[in-house]
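User: I am new to reading protein structures and would like to go through this one step by step. Could we begin with how the strands are arranged and then move on to helices and domains?

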Amino acid sequence: MSETAPAIEVRALRKRYGEYEAVRGIVISVRRGEVFGLLGPNGAGKTTTVEILEGYRARTGGEVSVLGHDPADRAIELRRRIGIVLQSGGIYGHITPREALRHWASFYAHPRSVQEVLSLTGLQPQADVRSRRLSGGQLRRLDLALALVGDPELIFLDEPTTGFDPEARRAAWSAISSLRDLGKTILLTTHYLDEAQALADRVAIIKEGRILAIGPPRELGVGAAHYRVVYRTAGGELVERQTDDVTALLHELTAEALARGERLEELSVARPTLEDVYLELTADA
Amino acid sequence: MPDALALSWRQYRLERRMFWRNPSAAFFNFVLPLLFLAAGGAILSGNQHQLNKLVPAIAAMSVMATTFTALAYNVVFLRERGVLKRIHGTPLPTLSYFAGLAANAVTNAALQIVIVVLAGRALFGIGWPQHAFELIVFVIAGVSCFAGLGVAFAHVIPNFESTAAYVNAVFLPVVFVSFYVFDSRSAPGFLRTIADALPLKPLIEGLSAAIVGGPGLVGNLDQLAVIALWGLFGIIFAVRGFSWESPA
């Protein structure tokens with residue numbers, strides 16, 4: 001298989017659970033070394049899609065190739081080359097991160113050093129604490145650490161930062177960015193626009209099992225800074241303005257208000273939400 | 001490439017370590033049967049005929065507790081916690097994983113038999129097992145049978161909270177019926193039929209013959225056949241119905 005072949009190739013993927021069709025004809029192609037984001041709300045079909053690629057679920061239709069394998073075959077050869085962070089995966093309560101990583105490392109012929117993975121994921125201080133005493137964020141970092149210890153070429157991250165505080169999210173982002181710098185291919189699902197924007201080279205926006213758009217985040221309007229500024233005038237009128245340059249607009253508005261001796265009641269500045277992007281995309285369609 | 005046997009060994013060592021770190025599991029595995037033995041021994045004190053029956057019965061119960069009960073608990077716990085799903089995504093061969101899990105249960109069963117036999121000798125004047133070969137055959141048969149049944153039974157248990165209820169609903173009646181019929185000559189015929197068809201009483205008979213002395217392996221082939229049939233049934237359903245993740 002050539003090195004230029006896509007890491008992941010998905011054509012007309014379908015998945016049906018009884019009457020409900022969770023995935024309805026998804027087509028994606030992820031290049032080697034790319035960070036690809038699946039962006040969508042809960043229930044969009046992101047996890048179903050990823051779990052088909054990981055080999056956990058059987059598809060109803062379509063073609064799937066992951067590093068040249070059909071994941072439905074569950075070849076050990078494929079599992080040696082991928083790392084998986086599940087949306088929720090448990091661990092023995094009485095194991096420490098260091099022990100878990102040592103054990104997981106033994107599954108692979110050329111694992112990364114446990115020490116290195118502990119520092120990369122920021123788990124060094126908790127390395128010898130039993131997992132039942134770790135916080136939710138620390139357990140999530142252990143999830144990432146266990147996925148990385150086999151030094152995989154391709155890493156699946158299913159909502160890796162859901163429930164994180166902003167600081168922990170930044171730390172996770174920088175860990176993921178450093179994986180990109182190592183040349184790893186990453187498939188990431190998220191329902192955070194800023195996460196997709198910060199990490200992904202390309203994004204597929206997915207809703208109700210279908211892809212609405214694919215491209216670099218900026219081209220999709222995901223990153224186009226349409227800030228929405230809302231305020232109530234002295235006359236009681238609610239005004240909404242959109243802008244690319246929120247600093248200049250706020251300066252203008254506040255300067256005018258001060259000059260008139262008025263207050264900008266209910267002033268709010270909102271970044272575009274996933275819903276805004278959907279509305280825009282569906283309106284364009 | 002790390003080979004499957006080495007990985008089985010590593011998994012086994014991990015399971016051992018996790019077992020000892022969980023004090024309640026260690027207690028139920030080792031202390032509870034000893035308490036039964038002590039209580040029974042106190043009641044039957046001085047009656048050597050009854051004590052000769054008590055020790056193999058407790059030994060068989062220990063086999064069931066360390067394999068059937070412990071594996072049902074373990075598998076449901078690991079499944080509901082998502083540990084099985086995570087393991088399923090790694091290159092650890094499925095067979096290595098189960099070899100490690102089963103070997104852990106087998107170790108507990110073997111340790112338990114040793115403890116019961118030693119306690120029986122020290123406290124109740126039961127001699128060393130009469131037939132070592134027979135003992136080994138019945139322990140292996142009993143352990144494989146109840147281990148398979150334990151994993152198979154885990155498929156029926158919908159969530160971790162209800163595990164104790166499900167397990168005890170099977171374990172306690174089977175133990176009571178089997179002990180009663182084994183002990184009493186006057187047990188009603190239908191109870192006798194039930195106990196003979198279940199795997200625990202045949203295991204008690206086999207262990208009794210091996211430890212205290214009895215008809216010997218050839219005389220107990222029918223008992224061995226019942227255990228083997230249940231074992232076959234258990235292992236087939238353990239493999240066929242296996243689920244790596246919580247159904248919810």
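User: In what order do the three strands of the open sheet in chain A lie?

Analyst: In this predicted model, three strands of chain A form an open sheet whose pairing is antiparallel. The edge strands, each of which pairs on one side only, are β2 (20-30) and β4 (61-66) of chain A, and the twist averages 25° from one strand to the next. Read across the sheet, the order is β2-β1-β4.

User: Over how many bridges do β1 and β2 of chain A pair, and which residue of β2(A) stands opposite A:Y17?

Analyst: Strand β1 of chain A covers residues 8-17, and its pairing with β2(A) is antiparallel, over eight bridges. The residue in β2(A) that stands opposite A:Y17 is A:Y20.

User: At what angle to β1(A) does helix α1 of chain A run?

Analyst: Helix α1 of chain A, made of residues 46-54, lies across β1, β2 and β4 of chain A. Its direction relative to β1(A) is about 115°.

User: Do α3 and α7 of chain B run roughly parallel or roughly antiparallel to each other?

Analyst: Two packed helices are described by the angle between their axes and the distance between the axes. For helix α3 (residues 48-81) and helix α7 (residues 163-183) of chain B, the axes come within 11 Å and cross at roughly 165°. Because angles over 145 degrees count as roughly antiparallel, this crossing makes α3(B) and α7(B) roughly antiparallel.

User: Which class of residue has 11 members in the contact of α3(B) with α7(B)?

Analyst: The crossing of these two helices, α3(B) and α7(B), is right-handed. On the α3(B) side the contact includes B:M61, B:M64 and B:V76, and on the α7(B) side it includes B:V167, B:F171 and B:F179. Sorted by class, the contact of α3(B) with α7(B) has two charged residues, two polar ones, and 11 that are nonpolar.

User: Which helix gives the largest share of the side of domain 1 of chain A that touches domain 2 of chain A?

Analyst: The domain assignment of chain A gives domain 1 (1-81 + 153-216), domain 2 (93-151) and domain 3 (227-284), and the C-alpha centres of domain 1 and domain 2 of chain A lie 23 Å apart. Their contact takes nine residues from each of these two domains, and those on the domain 1 side divide into six nonpolar, two polar and one charged. The largest share of that side, four residues, comes from residues 166-181 of chain A, which form helix α6.

How values were computed. Residues are numbered from 1 along each chain as its sequence is written. Chains are lettered from A and ligands numbered from 1 in the order in which they are written. This is a predicted model: local features need pLDDT of at least 70, side-chain atom pairs count only at pLDDT 80 or more; totals for chains, interfaces and linings use all residues. Axes are lines fitted to C-alpha atoms, for helices over the stretch in contact, and angles run from 0 to 180 degrees between N-to-C directions. Angles under 35 degrees count as roughly parallel, over 145 as roughly antiparallel, 65 to 115 as roughly perpendicular and the rest as oblique. A crossing is left-handed if the near helix is turned anticlockwise from the far one by less than a right angle, and right-handed if clockwise. Two residues are in contact if their C-beta atoms, placed from the backbone, lie within 7 Å. Ala, Val, Leu, Ile, Met, Phe, Trp, Tyr, Cys and Pro count as nonpolar, Asp, Glu, Lys and Arg as charged, and the others, Gly among them, as polar. Two strands pair if DSSP finds at least two bridges between them. Domain bounds come from an automatic or database domain assignment.
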